[in-house]
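My entries follow in the order of looking.

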Amino acid sequence: MIVRREIEERTGRNISIGAVYATLERLEAKGYVSSFTGEPTPQRGGRAKRLFRVEAAGKRALEVSEQTIRSMTAGLKDRWRTI
Amino acid sequence: MSRSSPPTFACWLLETVVPTPYREAILGDLIEEYALRTESTSRFTASRWFWSQTCRSVPSMVWSSLRSRDCLISIGIAMSVYIVMEILEYAANLTISKWVAPQPTTYVVLAPVVFLTACAIGGCVAARIRRGATKFLALMVMITVAVLIDLKVCTIPVPWWYEFGFLTLGPLAVIITPTLFGRLKQQGAVT
């Protein structure tokens, strides 16, 4: 729930919970994140929470992605002014 | 239904479609947020949000389920149950048409009963082995009935709604019966 809300707040787009879990499942299969089941609570209708943790491989992949985005967008603002 | 309880049918749909590893988490997240939304907005708005989340989550969850190996096991189980189900149905139909009710009119009445019973038993067996197998079994039943209707296998003239009943009620019996039995068992355990 927190992951979905965070994405919604940052992007301003309405994200489906299914899309979030499908992505997290793929990331888990690649070893980028790991998950474990929390305690069930009455607020959740007695259903357990799934908690995710970013793994070392995930952190490395994230750094590479961020670096790639930075180098792709470097100088973009200056170019916009000339367009 | 209390103020903080989400739409029952949407919950059932998610329980049926969402694969096991994330079923609890997804439903829990939605129920928790639904309860929070009912406090800040109207119940109608919160229910609309719940339904929108359900409808938009189902395709990605089905796709995710199809990508996993889990899905192949479920298809295998559904196929095995379907074969056994068809053998039993064929034997029952043969018994009815030969000895119990050789007249076509009586057969027309008894055939849906046999079909729905076979679907209900098949659904329960599939769910007992693997919950996810029921949706594939329902799909198999639906495809087979559609093909049989298209091939006009039934030589006895019947109205359109009779065939439509087979097409819709069969898959529904496969999916709903195990859920109903599960609920009854839970109630029995509580009382």
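What share of the contacts in chain A with a separation of 6 or more comes from residues 24 or more positions apart? I get 21%. I take two residues as in contact if their C-beta atoms, placed from the backbone, lie within 7 Å.

Conventions. I am reading a predicted model, in which local features need pLDDT of at least 70 and side-chain atom pairs count only at pLDDT 80 or more, while totals for chains, interfaces and linings use all residues. Residues are numbered from 1 along each chain as its sequence is written, and chains are lettered from A and ligands numbered from 1 in the order in which they are written.

Chain A, elements. I find four helices and two strands in chain A, in the order α-α-β-β-α-α along the sequence. Helices (H or I, at least four residues) and strands (E, at least two) are DSSP runs, numbered from the N terminus. Of the 83 residues of chain A, 11% are buried; buried is 20 or more other C-beta atoms within 10 Å of a residue's own, with C-beta atoms placed from the backbone.

Chain A, confidence. The mean pLDDT (the predictor's confidence in each residue, from 0 to 100) is 88 for chain A, and 100% of the residues score at least 70.

Helix α3(A). I checked the 18 residues of α3(A) (residues 56-73): the helix reaches 26 Å from first C-alpha to last, close to the 26 Å expected at 1.5 Å a residue. The expected span is 1.5 Å times one less than the number of residues. The number of buried residues in α3(A) is zero, so this helix lies largely in the open. Just after α3(A), G75(A) has a positive phi of about 80 degrees.

Contact between the chains. I count 15 residues from chain A and 19 residues from chain B. On the chain A side, helix α2 (residues 17-29) gives the most, with six residues.

Chain B, elements. I see seven helices and zero strands in chain B. Buried residues are 29% of its 191 residues. Of the chain B contacts between residues at least 6 apart in sequence, 74% join residues at least 24 apart.

Helix α2(B). The end C-alpha atoms of α2(B) (residues 20-40) are 31 Å apart, which agrees with the 30 Å that its 21 residues should span at 1.5 Å a residue. Its buried residues include Y22(B), E24(B), D29(B), E33(B) and T38(B). What covers the buried residues of α2(B)? I list α2 and β2 (50-54) of chain A among the cover, together with α1 (8-17) and α3 (43-67) of chain B.

Cores. A nonpolar core is a set of buried Ala, Val, Leu, Ile, Met, Phe, Trp, Tyr and Cys residues joined through C-beta atoms within 7 Å. The largest has 21 residues, and A78(B), V81(B), A126(B), A133(B), L137(B) and V141(B) have the most contacts inside it. At least two residues of this core come from each of α4 (69-100), α5 (104-129), α6 (133-150) and α7 (160-190) of chain B; α6(B) gives the most, with seven. Another core, of 17 residues, lies apart from it and includes V18(B), I26(B), Y34(B) and M61(B).

Conventions: Buried ≥ 20, exposed ≤ 12 C-beta atoms within 10 Å, placed from the backbone.
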